[in-house]
Amino acid sequence: MIARCLIALALLTAVTLAAPRTLAGDVNLSFEHWYDGPAVEKALNDLRNAYPGLCQLQSIGQSEEGRDIWLMTITNTKTGKDTDKPGVYVDGTIHGNEIQATEVCLYLAARLLNGYDDIPMIRNLVDSCTFYIVPVVNVDSRWRFFTDASGFNIGRSPRVPYDDDNDGLADEDDYDDLDGDGEILRMRIRDPFGDWKTHPDDPRVMVRVEPPLRGEWRMLGSEGIDNDGDGQINEDTPGYLDMNRNYPFKWQPEYVQGGAGRFPTCAKVTKAITDFVASRPNICFNYAFHNSGGMILRGPGSKLAGLYSPKDIEVYDFLGQEGEKIVPGYEYLVSMDDLYTTHGDFDEFMFSNLGIYGFVGELFRSEEEQYRVPDEDEEEEEDDSWFGGTRDEEKQKFNDFVNQGTMFREWKKFNHPQFGEIEIGGWRKFTTRIPPTFLLPEMVHRNASHVMFIAGHVPSIDLDVFEVKDLGGGLHRIRARVFNNNAIPTLSAKNLSKGMTRKDILRIEGSGIEVVSGGVVDDALYDRISPVEHRPWMIFTSVPSFGKREVQWIVRGSGAAKITFESLKATNRSRTIQL
């Protein structure tokens, strides 16, 4: 019986994992491999050509090397313009070596379009809201990650010239593919006083030693030579500017925040994205995908940003905690408290400058590269891996027996022009920060599903006229209610406190009526009203998470009276009554 259950469970798991790999529809995209630069552009163009009524593709700018920054807008144009619906902005790969973030964005676009006819939930999302998707933010470095010799920790920065070593030259000492294998691996040299020794059970693994113990090896860093003759190697590689430290909120100079750049939005890409999101006040949530660590992060990123309002935290908590269920193993965390301090980052710019909620999705959990029987009571062992997570000796077994030895390049001798005999080897380019491709399908599906869950909670407003009372003498009291069915309010508490955008408007008008007074109904049962002093026919307000706003007008006259709800971040509504 147990065996039959296990077989059934295995079959169910196989079906679940297989489902998102190939999407049925006019555009057949597989997510068991990586999409390089040309393949990303082809996929986007194929989707645009197959679904002209549901998506548009545009370049919102060009990078330092002249590549287009592609934006796909997905919504059903028959149900309204993109700017007339609540918007969700999604992007990926702001750091060029975090390539899987692009796959999540591509999968999301394909899932929304290919699933429109067959999946009612998706049809409702595409009809009622707008998705703005930028699959590749750092277009230059991600493109070069595939075409140039590189390594898993190389290519984070955009191709903005920068003088890392303050010698008056920029980018003059790059990595060098010494052995010509197309990858930048690690270098080590024999040294009886070194800080590293060979693991006793696996000669591929390096273990750090502390005095008074002596090691066998000295690690020399990534492959390279002293190109500029200053006694250092790889100290002035292309860049370094971190675009996720280059946005205009609490930006800090280089001596405070490394990678910040000369000034906010000095990178062409950050300027292009800043201009675009500022031009779309209908955006009410953003999701920026990075890697790695399996985290759903919210701000604040630093103490300079200030604490968030309890009302906004309630919204974040609801969406983040649901995300932990949608993507098992991921943790919903606060960047400043649970990770580290950042300044000038994109999600904080979106929230603190524009009042737009958002998450950073750190995608890959290296703990998935396990080769052991899970034990909840297992004590944590010292981590000797390059990048945390699974220890190197266990990761080697995962490499050998789960991924057939494709992840690691064996140490090989090489005659270095400056150091003499060294050895080159280590974890290869598509590893460590990047999951094996067989883990991609579930990862992209679950993370895209969290985006869709959030899109299902953009402001959804119902307008109801719940009272029309004849007061005599040609006067009527009209009370209307707007109710938000979802978790995201029409305006965040941050937005309201700073007056970042126009409030929602409840308006009454009619050729045969005169508005005598108007106000917000604080308590209909006790007739508690906060009156509007000026222009009483137009009441500025907002609608909270899962909440309502009620207003009233006293009008004189008869005939038709039209009541409208106008919002930058929700679909407008109207009702007409007869007096």
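1. Let's start with proline 300, which sits in the loop between β10 (295-298) and α7 (310-326). In this predicted model, the bond joining glycine 299 and proline 300 is a cis peptide bond, with omega about 5 degrees.

2. Asparagine 166 has a positive phi of about 55 degrees although it is not a glycine. Asparagine 166 belongs to the loop between α5 (139-147) and β5 (186-190), and it counts as exposed because its relative accessible area is 69%. Threonine 432, in the loop between β14 and α11 (440-455), has a positive phi as well, near 70 degrees. Here the setting is buried, since threonine 432 has a relative accessibility of 3%.

3. For the overall picture, the protein chain has 12 helices and 23 strands. Its C-alpha atoms fill a box of roughly 100 × 70 × 50 Å along the principal axes. Of the 579 residues in the protein chain, 52% are buried.

4. After α9 comes glycine 355, where phi is positive, near 75 degrees. Phe351 also takes part in an aromatic cluster, together with Phe285, Tyr287, Phe289, Tyr308, Tyr316, Tyr332, Tyr357 and Phe359.

5. Across the whole structure there are 26 aromatic pairs. In one of them, the ring centres of tyrosine 371 and phenylalanine 401 are 5.5 Å apart and the planes stand at 40 degrees, so the pair is tilted. Tyrosine 371 lies in the loop between β12 (357-362) and α10 (392-401) while phenylalanine 401 lies in helix α10, so the pair ties together parts 30 residues apart in sequence. How accessible is each partner? Tyrosine 371 is partly exposed at 38% relative accessibility, and phenylalanine 401 is exposed at 55%.

6. The pair of phenylalanine 408 and tryptophan 427 has another geometry to consider: the ring centres are 5.0 Å apart with the planes at 80 degrees, so this pair is edge-to-face. It links distant parts of the chain, with phenylalanine 408 in strand β13 (residues 408-416) and tryptophan 427 in strand β14 (residues 420-427), 19 residues apart. Phenylalanine 408 and tryptophan 427 are both buried.

7. Turning to charges, the structure holds 34 salt bridges. The side chains of arginine 428 and glutamate 183 meet in one of them, at 2.7 Å from N to O. Arginine 428 is in the loop between β14 and α11, and glutamate 183 is in the loop between α5 and β5, so the bridge ties together parts that are 245 residues apart in sequence. Arginine 428 is partly exposed, at 27% relative accessible area, whereas glutamate 183 is buried at 6%.

8. Which residue does glutamate 369 form a salt bridge with? The partner is lysine 395, and the closest N and O atoms are 3.9 Å apart. This pair links distant parts of the chain: glutamate 369 is in the loop between β12 and α10, and lysine 395 is in helix α10, 26 residues away. Glutamate 369 is buried, with a relative accessible area of 1%, and lysine 395 is buried too, at 6%.

9. Arginine 477, in strand β16 (residues 475-484), meets aspartate 527 in a salt bridge of 3.8 Å, N to O. Aspartate 527 comes from the loop between β18 (513-523) and β19 (528-531), 50 residues apart from arginine 477. Aspartate 527 is partly exposed at 45%, while arginine 477 is buried at 12%. Elsewhere, salt bridges that share partners join Glu65, Arg67, Asp140, Arg144, Asp148 and Arg159 into one network.

10. Glu331, Asp337, Asp338, Glu367 and Glu368 form a negative surface patch. Glutamate 331 is found in strand β11 (residues 331-334) and counts as partly exposed, with 46% relative accessible area.

Methods
Residues numbered from 1 in each chain as written. Heavy atoms only, no water. Patch = residues over 30% accessible without salt bridge, like charges linked within 9 Å, V, L, I, M, F, W, Y side chains within 5 Å. Areas by Shrake-Rupley, 256 points an atom, 1.4 Å probe, with all protein chains shown as cover. Salt bridge = Lys/Arg side-chain N within 4 Å of Asp/Glu carboxyl O. Lys, Arg positive; Asp, Glu negative; His and termini not counted. Charge placed at Lys NZ, Arg CZ, Asp CG, Glu CD. Helix = DSSP H or I, 4+ residues; strand = E, 2+ residues; numbered from the N terminus. Buried < 20%, exposed > 50% of the residue type's maximum accessible area, 1.4 Å probe, protein only. Phe/Tyr/Trp six-rings, centres within 6.5 Å; stacked < 30°, edge-to-face > 60°.
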